[in-house]
Amino acid sequence: MRNYSIAMNIESKAGVNPRTFEVGSVAGARFTARDVDGLRQQMDEQLAKEGHFSSATHTNPSIFRIARYLLTQDTEFEVQGTMTGGEGEVVAIRDGDEIFISVGSDQCDRELDPIFPDKPKQMCPHPMATTAWPYAEVKDHWDDLRIQSTVTVQGHTVPLQDSRLEALVTLEYLLDMPTVRSLPDVAFLYCGSSPFLESAEEAVKEHDLSPFTTWGVGDAFSVRLFDPVLERSIEHSFVPVPVGDDLAERQSKDRALSNFPMMD
């Protein structure tokens, strides 16, 4: 089986050192809200109502695998259709006893998202930055770190995310999950998405943009992990290039899309 590697610049208080990681596994976490019990109740109610076709999962957080070849640091990459959207997330890198953190986007096919829980994410490239920090340097102020993202559509840049990590379960919580512990090292884990900003909807109305803009669908996407304590940030911008599908035919007036994905 082919080996895949990722080159990173490890930025620490002592300086910057290059390091190459052999990718052992890639995975993502969904439904990672810090209020685990409250979200569980909400999702159980949704499952009871929608049954097999629910976008809710039976566990939260829920861990899904991503093929290693989909991990990319490219600033431009191909996606299948125009409905591919981004979500800024922390990316944790576990190499034995060492933990590093970076930032990336849990790309998702938004058209398929209401139908399948994990497949729409598993079919998309997963971009991440080229810089990472030692987790030990941010562990004591983890909740203060901020995830920020923007999407650019028709020349308009729309802020999508800007929230502290206190909104999500801690990294220790995720790393201690049996499904995460069993991932082969070096493991790359997308740690879950923070809520999207309500102001994104206002921007869509103001500039008459596609409603899917509020789900990260656009011409370009940027993510940023900001550390207000050590006053540093990791940023990554990229352009998803659709190769094309039959969306126009399926969006004919008698088959218009009406469902929007559930935020995870």
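Biologist: What percentage of the 264 residues of the chain count as buried?

Modeller: Buried means under 20% relative accessible area, exposed means over 50%, and partly exposed lies in between, with a 1.4 Å probe and protein chains only. Of the 264 residues in this chain, 52% fall in the buried class. Please note that this is a predicted model, in which local features need pLDDT of at least 70, side-chain atom pairs count only at pLDDT 80 or more, and totals for chains, interfaces and linings use all residues. Residues are numbered from 1 along each chain as its sequence is written, and side-chain values use heavy atoms, with hydrogens and water left out.

Biologist: How many helices and strands does the chain have?

Modeller: Both are DSSP runs numbered from the N terminus: helices are H or I with at least four residues, strands are E with at least two. Here the chain has 6 helices and 17 strands. Its radius of gyration is 18 Å, close to the 18 Å of the globule rule for 264 residues, so the chain is as compact as a globular protein of that length. The radius is taken over C-alpha atoms, and the rule is 2.2 Å times the number of residues to the power 0.38.

Biologist: What share of the contacts with a separation of 6 or more comes from residues 24 or more positions apart?

Modeller: A contact means heavy atoms within 4.5 Å. In this chain, that share is 73%.

Biologist: How is a pair of aromatic rings described?

Modeller: One gives the distance of the centres and the angle of the planes. Rings of Phe, Tyr and Trp (its six-membered ring) pair if their centres lie within 6.5 Å; planes under 30 degrees apart are stacked, over 60 edge-to-face, and the rest tilted. By this rule there are 6 aromatic pairs. For Phe196 and Trp215, the centres are 6.1 Å apart and the planes stand at 40°, so this pair is tilted. The pair links distant parts of the chain, 19 residues apart: Phe196 is in the loop between β15 (187-190) and α5 (199-207), and Trp215 in the loop between α5 and β16 (220-227). Phe196 is buried at 16% relative accessibility, and Trp215 is buried at 15%. Phe21, Phe100 and Phe188 form one aromatic cluster.

Biologist: Where is Asp143 found?

Modeller: Asp143 belongs to the loop between β12 (131-134) and β13 (146-153). With 26% relative accessibility, Asp143 is partly exposed. Beyond its neighbours within four places in sequence, Asp143 is in contact with Arg34, Arg164, Leu165 and Glu166.
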